[in-house]
Amino acid sequence: MSSSYRYRQGLNNRLPTTNDQLQVRVDPLQGDLDEEIALLHSKVKNLKGVAEAIETESKYQNELLNQLESAVTKAQAGLKNTMKRLNRSIIQQGSNHLLHVILFALLCFFLVYLWKKLFR
């Protein structure tokens, strides 16, 4: 049985069994491992900071969405109550509003007609 790791030359790649495995090859003779590890460590730290910032922003925006949802629900309830009161008011007062609108339109039409006749 041949080993996929060689101890004298560092870590070699091994044959992947699935597509999601990462292949790593480190050759200690070609570079300084400590520098590479420090660089990798700093990149992981940066990535952690970005992930924490994303988490914080996500929590903040989730809280804002919850507050917005609450405000919209309250506004809908207020609008529903206002519409009920308006409908009750219209029913109690009768349907004279339509008559008033028609009379106003006729008055406006008559005034425009007189204006045209007088200033022709």
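These exercises, with worked solutions, explore a predicted model of a single protein chain.

**Exercise 1. The chain as a whole**

Task: Find how many helices and strands the chain has, and what share of its residues is buried.

Solution: 
- Start with the elements. The chain holds 2 helices and 0 strands.
- Turn to burial. Of the 120 residues in the chain, 1% are buried.

**Exercise 2. A salt bridge in a helix**

Task: Locate the salt bridge in the structure, and explain how its two residues are placed along the helix.

Solution: 
- Search the whole structure. The search gives 1 salt bridge.
- Name the partners. E55 pairs with K59, and their closest N and O atoms are 3.4 Å apart.
- Check the cut-off. A salt bridge needs a side-chain nitrogen of Lys or Arg within 4 Å of a carboxyl oxygen of Asp or Glu.
- Side chains of opposite charge can pair when their charged atoms come close.
- Look at the helix. E55 and K59 both belong to α1, which covers residues 33-93. They sit 4 residues apart, so about one helical turn separates them.
- Compare exposure with the cut-offs. Exposed means over 50% relative accessible area. E55 has 43% and is partly exposed. K59 has 55% and counts as exposed.

**Exercise 3. The annotated span**

Task: Describe the secondary structure of residues 98-115, and give the distance between the end C-alpha atoms.

Solution: 
- Begin with the record. An unreviewed UniProt entry lists residues 98-115 as "transmembrane region".
- Read the secondary structure. The span is 100% helix and 0% strand.
- Take the distance. The end C-alpha atoms lie 26 Å apart.

**Exercise 4. An aromatic pair**

Task: Classify the ring pair formed by W115 and F119 as stacked, edge-to-face or tilted.

Solution: 
- Search the whole structure. There is 1 aromatic pair.
- Take the geometry. The ring centres of W115 and F119 are 5.0 Å apart, and their planes meet at 50°.
- Apply the cut-offs. Under 30 degrees is stacked, over 60 is edge-to-face, and the rest is tilted. The W115 and F119 pair is therefore tilted.
- Check exposure. W115 is exposed at 58% relative accessible area. F119 is exposed too, at 62%.

**Exercise 5. A nonpolar patch**

Task: Find which residues make the nonpolar surface patch, and state its area.

Solution: 
- List the members. They are L107, F110, L111, Y113, L114, W115, L118 and F119.
- Give the area. The patch covers about 920 Å².
- Link back to Exercise 4. W115 and F119, the tilted pair, are among the patch residues.

How values were computed. Residues are numbered from 1 along each chain as its sequence is written. This is a predicted model: local features need pLDDT of at least 70, side-chain atom pairs count only at pLDDT 80 or more; totals for chains, interfaces and linings use all residues. Side-chain values use heavy atoms; hydrogens and water are left out. UniProt positions are given in the numbering used here, feature names are shortened, and annotations may be inferred rather than shown by experiment. Rings of Phe, Tyr and Trp (its six-membered ring) pair if their centres lie within 6.5 Å; planes under 30 degrees apart count as stacked, over 60 as edge-to-face and the rest as tilted. Buried means under 20% relative accessible area, exposed over 50%, partly exposed in between (1.4 Å probe, protein chains only). Patches are made of residues with over 30% relative accessible area and no salt bridge: like charges are joined within 9 Å, nonpolar side chains (Val, Leu, Ile, Met, Phe, Trp, Tyr) within 5 Å. Accessible areas come from the Shrake-Rupley method with a 1.4 Å probe; for residues, only the protein chains shown count as cover.
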